[in-house]
Amino acid sequence: MPFTPLHGRWLVRRIEGDETTKGGLIIQDAAKETPHEGEVVSVGAGGRRENGERILMDVKSDDRILFGKSSGSEIELDGETLLIMKESDILGVIA
């Protein structure tokens, strides 16, 4: 990916939800919710403390994460819509 987020930010690709319900019904596009799950594509180097010390990133590339409904800022990169997020946007890592 030709893009690296700066400081304490992550570049995230949404993971699309299922096309059918558990009972086998097909979900129409209008009824689908925006996914709240994603895969981390790229990670910034981390923020800095007041003394200049680097803050380590808890989430790394290829991690699957959960995030809030209106989290991040959408960007278009190589024809794909991705999200740039801050640490406060990420709710947790899926094991």
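Two strands count as paired if DSSP finds at least two bridges between them, and the strands themselves are DSSP runs of E covering at least two residues, numbered from the N terminus. The model is predicted, so local features need pLDDT of at least 70 and side-chain atom pairs count only at pLDDT 80 or more, while totals for chains, interfaces and linings use all residues. Residues are numbered from 1 along each chain as its sequence is written, and side-chain values use heavy atoms, with hydrogens and water left out.

Q: What makes β4 and β5 a pair of strands?
A: Five bridges join β4 (residues 73-77) to β5 in the antiparallel sense, and because the definition asks for at least two, the two strands pair. Among the bridge partners in β5 are Ile 84 for Ser 73 and Leu 83 for Glu 74.

Q: How do you know that β1 and β5 pair?
A: Four bridges link β1 (residues 9-14) to β5 (residues 80-86), again antiparallel, and the definition requires at least two. In β5, Leu 83 is the bridge partner of Val 12, while Leu 11 stands opposite Ile 84.

Q: Why are β4 and β6 called edge strands?
A: The open sheet has six strands in the order β4-β5-β1-β2-β3-β6, with antiparallel pairing. Both β4 and β6 (90-94) have a single partner strand, so one side of each is left without a neighbour in the sheet.

Q: What makes Trp 10, Val 12, Val 40, Val 43, Val 59, Ile 65, Phe 67, Leu 83, Met 85 and Ile 90 a nonpolar core?
A: A nonpolar core is a set of buried Ala, Val, Leu, Ile, Met, Phe, Trp, Tyr and Cys residues joined through side-chain atoms within 4.5 Å, where buried means under 20% relative accessible area (1.4 Å probe, protein chains only). These 10 residues make up the largest such core, and β1, β2 (37-43), β3 (64-67) and β5 each give two or more residues to this core.

Q: Which residues does Ile 90 touch, not counting those up to four places away in sequence?
A: Ile 90 touches Trp 10, Val 59, Ile 65, Leu 66 and Met 85, contact being heavy atoms within 4.5 Å.

Key: Buried < 20%, exposed > 50% of the residue type's maximum accessible area, 1.4 Å probe, protein only.
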